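Colleague: I am new to this structure. Can you walk me through how to read its features?

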Amino acid sequence: QVQLVESGGGLVQPGGSLRLSCVASGTLATIDTMEWYRQAPGKQRAWVAAATGVGTRNYADSVKGRFTISRDSGKNTVYLQMNSLKPEDTAVYYCNAHSGFVFGSAHGYWGQGTQVTVSS
């Protein structure tokens with residue numbers, strides 16, 4: 001089993017920045033890929049970014065160039081640096097971890113989510 005705990009969400013003005021963190025614990029040897037998803041009100045959960053254990057990074061087109069995913073293996077933590085935030089980035093952001101290197105498949109372990117609100 002793997003437990004994921006997100007933090008770092010909050011209220012920010014358009015154009016601002018936030019950094020989300022997700023700390024993993026448990027049977028981490030089974031984890032190859034860590035990802036971020038988000039779910040806006042009334043919408044389905046959407047994939048945001050992925051970081052594999054072999055250094056691959058991938059982003060949804062909607063966040064490319066503004067968001068950066070990174071992993072600190074020593075701290076068992078994945079981060080999502082979000083810059084130039086827009087109101088449409090408002091959502092609950094979820095951390096995901098799983099074995100294998102396929103991203104965007106929404107399988108594996110999930111955190112409880114952290115709310116990000118972009119508003120003036």
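**Reading the features**

Modeller: Start with the sulfur bridge. The torsion about the S-S bond of Cys 22 and Cys 95 is about -80 degrees, so the disulfide is left-handed. Keep in mind that this is a predicted model.

Colleague: What is a disulfide, in general?

Modeller: A disulfide is a covalent bond linking the sulfur atoms of two cysteines. Here Cys 22 is joined to Cys 95, with an S to S distance of 2.1 Å. The pair links distant parts of the chain, 73 residues apart. Cys 22 lies in strand E3 (residues 18-26), and Cys 95 in strand E9 (residues 91-98).

Colleague: Are Cys 22 and Cys 95 buried or exposed? And how many disulfides does a search of the whole structure find?

Modeller: Both Cys 22 and Cys 95 are buried. The search of the whole structure finds one disulfide.

Colleague: Next, the core. What tends to happen to nonpolar side chains in soluble globular proteins?

Modeller: They tend to be buried together. In this model, the largest nonpolar core has 31 residues. Met 34, Trp 36, Leu 80, Met 82 and Tyr 93 touch the most other members. Strand E5 (46-52) is among the elements that give two or more residues to this core. E5 provides the largest share, five residues.

Colleague: Which residues does Met 34 touch?

Modeller: Leaving out residues up to four places away in sequence, its contacts include Leu 4, Ile 69, Val 78 and both Cys 22 and Cys 95.

Colleague: How is a pair of aromatic rings described?

Modeller: By the distance of the centres and the angle of the planes. The count here is three aromatic pairs. Tyr 37, Tyr 94 and Trp 110 form one aromatic cluster.

Colleague: Which charged residue sits over the ring of Trp 110?

Modeller: Arg 45. Its charged end is 4.6 Å from the centre of the Trp 110 ring. Arg 45 also lies over the face of Tyr 94, at 3.8 Å from the ring centre.

Colleague: What relative accessible area does Asn 76 have?

Modeller: Asn 76 has 33%, so Asn 76 is partly exposed. Ala 106 is at 42% relative accessibility, so Ala 106 also counts as partly exposed.

Methods. Residues numbered from 1 in each chain as written. Predicted model: local features only at pLDDT ≥ 70, side-chain atom pairs only at ≥ 80, totals over all residues. Heavy atoms only, no water. Disulfide = S-S within 2.5 Å. Helix = DSSP H or I, 4+ residues; strand = E, 2+ residues; numbered from the N terminus. Buried < 20%, exposed > 50% of the residue type's maximum accessible area, 1.4 Å probe, protein only. Phe/Tyr/Trp six-rings, centres within 6.5 Å; stacked < 30°, edge-to-face > 60°. Lys NZ or Arg CZ within 6 Å of the ring centre and 35° of its normal. Core = buried A, V, L, I, M, F, W, Y, C linked by side-chain atoms within 4.5 Å. Contact = heavy atoms within 4.5 Å.
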